[in-house]
Structure formats: C-alpha cells, structure tokens
Amino acid sequence: MAKKIYISPSNQDGNTYATGKTNEMAQCDKIANATATALKRCGFDVKVGKSGDGMAVRCKESDAYGADIHMPIHTNAFNGKVTGGTRIFCYSSSKENKAPAEAVLKTLGAISPGTADSVTVNAGLYEVNMPKATTVYVECEFHDT
C-alpha cells in the first residue's frame, strides 16, 4: 500500500510577493499541485487541501484521509533584503519525525533560492502538532525578496 501524503498549501493571500503581482496562497497552490504530480509519479497516494481552507479544516481532513505525512507548504519573509533559504519544521528530533524533513530538505534545498537551509523542531506550530501524521512543514522560499 502506498504511503499517503496530505499537502496543505498556504491560504495566506495577504502575503504579497516582491515581484510578479502575486501572493503566497496563489504560489503555494501551484507548488502544491506540482508536488502532488511528482509524488504521484513516484507511487505515493496524495491529497491536496482545497485552496483557501484554514489550518483546522486541513488537519481534520488530513486525519480523515489517514495521511502518513502532513505537508504544509508555505513561503517565508524576513526583511525584504535577505533570501534565507529553505526552512523545514518538524515535531521532534526523533528519527520518525526528523528523517522525512531532512529528506525533503536535501532535495528541495538544492533547487530553491537561498543557502541558509535548515530543519528545526517546532512543536508550537498548529500544523506541526495537530495532525496525527508526521509533519514536514515546508517554507520553500522567501516571498519578500
């Protein structure tokens, strides 16, 4: 049976990009759909959250789906001058939680802007601590640069 991955793209349409007249939600919807296509091609069972839905809805849907991995996809911001790299958040430093995050970072960090890539334990994030599945919370680029 294929591993199930639930993708939860950002619903933050107020976070505008530095260029391109677009926003975080629009771009993360595109990233989520492209990610789903690639994961399905690799044999995973994938569900993408509906555009604009909130985190609570997404976490419940992920749980109902029986996801093995819950993957929020976001873009980051700092000061409009620094492109900081790919940031991945996970629930704990246990192998079960950190290994999937490190695997995503290894691949995504190599192709996304910035070089200060990291995996950080942050159980305080709603979409990290609420889903039953292991969470790989992705901040894949900085939208303010």
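## Starting with helix 1

Ala38 counts as partly exposed because its relative accessibility is 25%; here buried means under 20% relative accessible area, exposed over 50%, and partly exposed in between (1.4 Å probe, protein chains only). Ala38 lies in helix 1, residues 24-41. Helices (H or I, at least four residues) and strands (E, at least two) are DSSP runs, numbered from the N terminus. Between Ala38 and Gly66 there are 28 residues along the chain, and their C-alpha atoms are separated by 20 Å.

Before going on, note that this is a predicted model, where local features need pLDDT of at least 70, side-chain atom pairs count only at pLDDT 80 or more, and totals for chains, interfaces and linings use all residues. Residues are numbered from 1 along each chain as its sequence is written, and side-chain values use heavy atoms, with hydrogens and water left out.

## A look at helix 3

How far apart are the end C-alpha atoms of helix 3? They are 24 Å apart, which agrees with the 24 Å that its 17 residues (95-111) should span at 1.5 Å a residue. The expected span is 1.5 Å times one less than the number of residues. Helix 3 also has a kink of about 25 degrees, centred on Leu105; the bend at a residue is the angle between axes fitted to the seven residues ending there and the seven starting there.

Leu105 is also one of the buried residues of helix 3, along with Asn97, Ala101, Leu108 and Gly109. These buried residues pack against strand 4 (87-90), strand 5 (118-121), strand 6 (134-135) and strand 7 (137-142). Asn97 counts as buried because its relative accessibility is 7%. Setting aside residues up to four places away in sequence, Asn97 touches Cys90, Tyr91, Ser92 and Thr134, where contact means heavy atoms within 4.5 Å.

Tyr137 and Pro72 are 65 residues apart in sequence, yet 4.9 Å apart in space, C-alpha to C-alpha. Pro72 is among the contacts of Tyr137 beyond four places in sequence, and so are His74, Arg87, Ile88, Phe89, Leu125, Glu127 and Val128.

## Tyr126 in helix 4

Tyr126 is found in helix 4, residues 126-129. Tyr126 counts as partly exposed because its relative accessibility is 34%.
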